Amino acid sequence: MKHLYVTVFVPATVIIPLATGLIQKSYKNRKLEIIYWYLLFGGVMDVLERLLGIRDINNLPLLHLYTMAELLLLGRFFQIIFDNSSIRRLIGVVMIGFLVFAIVDLSFIQSIYRFNSYPRSVAALIISGFCLLYFFKRGDSDDSKSWVKYPLNWITTGLLLYFGSSFFFFAFLDVLYEKASLKVNLFFGTVHATLVMVMYLLFTVGFLYAKNQR
């Protein structure tokens, strides 16, 4: 039952923010369209990974590709929401640097057919850093509008919650698979999947609050 929760139920919940974004036309909002495409891309990749897995085909090369695309999409999201040109350039440099690192990793360090623990954990740190920078800049703002009415606050909270919590999971996943029991692996897999679902739900709230913002 827990296996179905992790492999079927939680991945399927991506439909919730996608349907909400479609109804609210979030894909037309310049600051949110990247998140919408990120969800759509993630959903498609997840289906492809499941299909390969069902056929006992190693699907980890897709995860290597997904990790690079994920960082580029979310990096672009933060480039758009920050007004400061220096921060935008810094994010661009980080994006390029990460892409080079991920290619070097799959070419010389970790096989493309193994879990890419180094790029996944580094990407989690980078995205968490972008989220913290967003909230730091937000705290300097004089805007008196209620926190909950800012769609970007919900989106960024979802990203920080998921990526901030997933760093150690990504970094030590190989060790868990090799050393821990099946029960322990299922426990951590369930926690990780739940964090994904919570991120999706927070994205949904963000899309709802963005209804009248274009």
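This is a predicted model: local features need pLDDT of at least 70, side-chain atom pairs count only at pLDDT 80 or more; totals for chains, interfaces and linings use all residues.
Biologist: With which residue does E70 form a salt bridge?

Modeller: Side chains of opposite charge can pair when their charged atoms come close. For the salt bridge of E70, the closest N and O atoms are 2.9 Å apart, and a salt bridge needs them within 4 Å. The pair joins distant parts of the chain, 50 residues apart, with E70 in helix 4 and its partner in helix 6. That partner has a relative accessibility of 5%, so it is buried as well; it is R120.

Biologist: How many salt bridges does the structure hold?

Modeller: One of them is the pair of E70 and R120. Another is formed by R50 and D46, with the closest N and O atoms 3.4 Å apart. For the structure, the count is two.

Biologist: About how many helical turns separate R50 and D46?

Modeller: Both residues sit in helix 3. They are four residues apart there, which means that the separation is about one helical turn.

Biologist: Is R50 buried or partly exposed?

Modeller: R50 has a relative accessible area of 33%. Values under 20% are buried and those over 50% exposed, with partly exposed in between. R50 is therefore partly exposed.

Biologist: R50 is also listed at the largest pocket, among the residues that lie nearest its centre. Which helix gives the most to the lining of that pocket?

Modeller: The largest pocket has a volume of about 1400 Å³ and is lined by 43 residues. Elements giving two or more residues to this lining include helix 1, helix 4 and helix 9. The biggest share, eleven residues, comes from helix 3.

Biologist: How many residues of that lining are nonpolar?

Modeller: The lining can be sorted by residue type. Seven of its residues are charged and nine are polar. The nonpolar ones number 27.

Biologist: D105 is buried yet has no salt bridge, so which side chain of opposite charge is nearest to D105?

Modeller: D105 lies in helix 5. A salt bridge needs the atoms within 4 Å, but the nearest side chain of opposite charge is 9.4 Å away from D105. That side chain belongs to R114.

Biologist: Now for the backbone: what is the phi of K25 near?

Modeller: Most residues other than glycine have a negative phi. K25 is in the loop between helix 2 and helix 3 and, at 38% relative accessibility, is partly exposed. K25 is not a glycine, yet its phi is positive, near 60 degrees.

Biologist: D56 also has a positive phi, of about 60 degrees. Is D56 buried or exposed?

Modeller: D56 is found in the loop between helix 3 and helix 4. Its relative accessibility is 73%. Anything over 50% passes the cut-off, so D56 counts as exposed.

Note on methods: Residues are numbered from 1 along each chain as its sequence is written. Side-chain values use heavy atoms; hydrogens and water are left out. Buried means under 20% relative accessible area, exposed over 50%, partly exposed in between (1.4 Å probe, protein chains only). Lys and Arg count as positive and Asp and Glu as negative; His and the chain ends are not counted. On a 1 Å grid over the protein atoms alone, a cavity is a set of points where a 1.4 Å probe fits but cannot get out, and a pocket is an open set with protein on both sides within 12 Å along at least five of seven lines; lining residues have an atom within 4 Å of a point. Grid points are joined across faces, edges and corners, and a volume is the space filled by probe spheres set on the points. Ala, Val, Leu, Ile, Met, Phe, Trp, Tyr, Cys and Pro count as nonpolar, Asp, Glu, Lys and Arg as charged, and the others, Gly among them, as polar.
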